[in-house]
Amino acid sequence: MDVYFRSVVGKLWMTIIALFALVLTIFSLLIVQSFDSFYTNRQTKNLQELAEGLSNGLSASEDTQRALEMAATFGVVHHTGMVVLDNQKKVIGTSEGKGLPPIPIDQLLAAPELRLQDALAGKHPAPERIYLPVGGGGQNNPNANIQILAVAVPMKSAAAQYGSVVMYQAIEDFDDTVNEVRFLIFVVGVIAFISTTVFAFFLSSRITIPLRQMKETAHRIAEGDFHAEIPIRTTDELGELAASFNTMATRLNQLVDALSKEKEQLASVLRSMVDGVVMIDTEGKIALTNPPAERFLRDWKYEHPSEPIPLFSIYQQVVQTGQEVTEDIPLQGRIWALVMVPVNDREQIRGAVAALRDMTQERKLDKMRNDFVANVSHELRTPLSMLQGYSEAIVDDFATTPEEHKELAQIIYDESVRMTKLVNELLSLARMEAGHVELFRETVELRPYMERIQRKFTNLARERDIHLLLDMATTHSEVNIDPDRMEQVLTNLIDNALRHTPASGSVTIRARGEKDKTLLLEISDTGSGIPQEDLPFVFERFYKADKARTRGRVGGTGLGLAIARNLVEAHGGTINVQSKLGEGTTFTIALPVQAKTK
């Protein structure tokens, strides 16, 4: 019930009923008051005129008795009672009106409202209402009284003295009329209440049905149904409101579609971007990422499982300063350039956007360019200087004995061989990078092949007090490769491992992988390792793990790993490196089981 009265129907019904009750009450009071005033004034005037007329008639009549009889007859006709008094206040005639209850005359004459003394003194008081007892209740019990309208007027006698004519009428007819009016008002009120209730429900239904439809449509829109519409059945204000609501829903639908398309476009742009994008909200949580950024976060968690992602510390710096922050982050052998800018909402920072770009290739190219110029000039300058110096020594006859001449010539020959090897490797590498690699594949027994490569370095490892181990943890028995080219790759990797492993260390040659899956060839050592910042460049030209080693007969050209990578890729495989400084290095070659000849 409480819910009903709080509804539009209930409120409208209560408002109409309250307004009708107020109007009906005021109308009832006014009409009753009007009846009361009208009947009272008219009856008072009539009674006053009647009393004055009878008084004048009695005063002018010579036959008082006959005049009294005529006055009594006249009072009976007009339902008026009459009492005639002489100047001694002696009752000389009475008449009871037709239909009037018996009136106690003595109490009537004694009533102060009658003002009988004024009439005897020749004055003309106005009629007044007087309550007289019928059943002995007295004025303290109005329910046992009769209400009459009485007036006393002077009557001039022959002796120039005044008597009085007292006339009275019952006003029950007026009360009956008022009660009749009240009953009619009550009946009208009941009928009006019922009619108003029906009208209120009808009107409220006409109003609330569109409102309910608007409410239901609003709920549907809130739940995502932006195609919902309100049927327009009227042309009034509610119809206009429904039309406006439908227009709003249509525009909202268009706006949502536009936002959805824009969101899809933005998502497509983010997915297609090479750079990683990370959105951080006001709480410092990652709200949005694209695939490159997800790869960065995955690699960071893999390499640093117990360390927080560096984005959060940079985010705190951006929030504190409100300025753009740029930083390089090395990760998994790659270099990520990070640019984070704040997202401002008026004067507050509500988050930040970080752009991550993989700058490994660019840094590689820069380093390659610089290193190529420096290394080529250095690699060629040293043998050229030696050739020039020793040649001048021979020309200037600094060597006096045949043995000295032979020694100088041998040095010149060795340096020329070194230069030739360097030039040949540069040419070979250039051809490989241009895609001109010729492989002569054949099916090779894997274990004998790996044992032969191990024996090749057994003496060198023994001389350096290094344990050279072979681990054949694979079910593969054969492999389709170019044995000479692959031996060149393995030889280079094992030679590097032996040169960078201290005495009492170990180098392990390992073959692993299950049948019908990729064959993995690993060269692991317990040497000095490679710094993290150098890992992205180990397969570039002229890279040397030991920057401090002297160039001599034991030194390499710095092209071996670059050649190894190209040869492995020519076999359809991949090569990668994992290393930690001071813990050793592992090179892994992944070869497909069924490689296709290029």
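I took axes as lines fitted to C-alpha atoms, for helices over the stretch in contact, with angles running from 0 to 180 degrees between N-to-C directions.

**Entry 1: ground rules.** I am working on a predicted model, where local features need pLDDT of at least 70, side-chain atom pairs count only at pLDDT 80 or more, and totals for chains, interfaces and linings use all residues. Residues are numbered from 1 along each chain as its sequence is written, and side-chain values use heavy atoms, without hydrogens or water.

**Entry 2: H12 and H14.** I looked up helix H12 (residues 446-456) and helix H14 (residues 483-499), whose axes come within 11 Å and cross at roughly 45°. Helices (H or I, at least four residues) and strands (E, at least two) are DSSP runs, numbered from the N terminus. H12 and H14 are therefore oblique to each other. I noted their crossing as right-handed, meaning that the near helix is turned clockwise from the far one by less than a right angle.

I then listed the contact (heavy atoms within 4.5 Å). From H12, Tyr449, Met450, Arg452, Ile453 and Lys456 meet Pro483, Met486, Glu487, Leu490, Thr491 and Ile494 of H14. By class, I have seven nonpolar, one polar and three charged residues in this contact.

**Entry 3: salt bridges.** I searched the whole structure and found 10 salt bridges, each a side-chain nitrogen of Lys or Arg within 4 Å of a carboxyl oxygen of Asp or Glu.

Arg452 pairs with Glu487 in one of them, with the closest N and O atoms 3.2 Å apart. This pair links distant parts of the chain, Arg452 in helix H12 and Glu487 in helix H14, 35 residues apart. For burial I used relative accessible area: buried under 20%, exposed over 50%, partly exposed in between (1.4 Å probe, protein chains only). Arg452 is partly exposed at 36%, while Glu487 is buried at 14%.

I also checked Lys285 and Glu283, which form a salt bridge with the closest N and O atoms 3.8 Å apart. Both Lys285 and Glu283 are exposed.

**Entry 4: E14 and E15.** I found Arg510 and Glu522 joined by a salt bridge, 3.0 Å from N to O. Arg510 lies in strand E14 (residues 506-513) and Glu522 in strand E15 (residues 519-525), so the pair ties together parts 12 residues apart in sequence. Arg510 is partly exposed at 22%; Glu522 is buried at 8%. Salt bridges with shared partners join Asp471, Arg510, Arg512 and Glu522 into one network.

Technical notes:
Parallel < 35°, antiparallel > 145°, perpendicular 65-115°, else oblique. Nonpolar A, V, L, I, M, F, W, Y, C, P; charged D, E, K, R; others polar.
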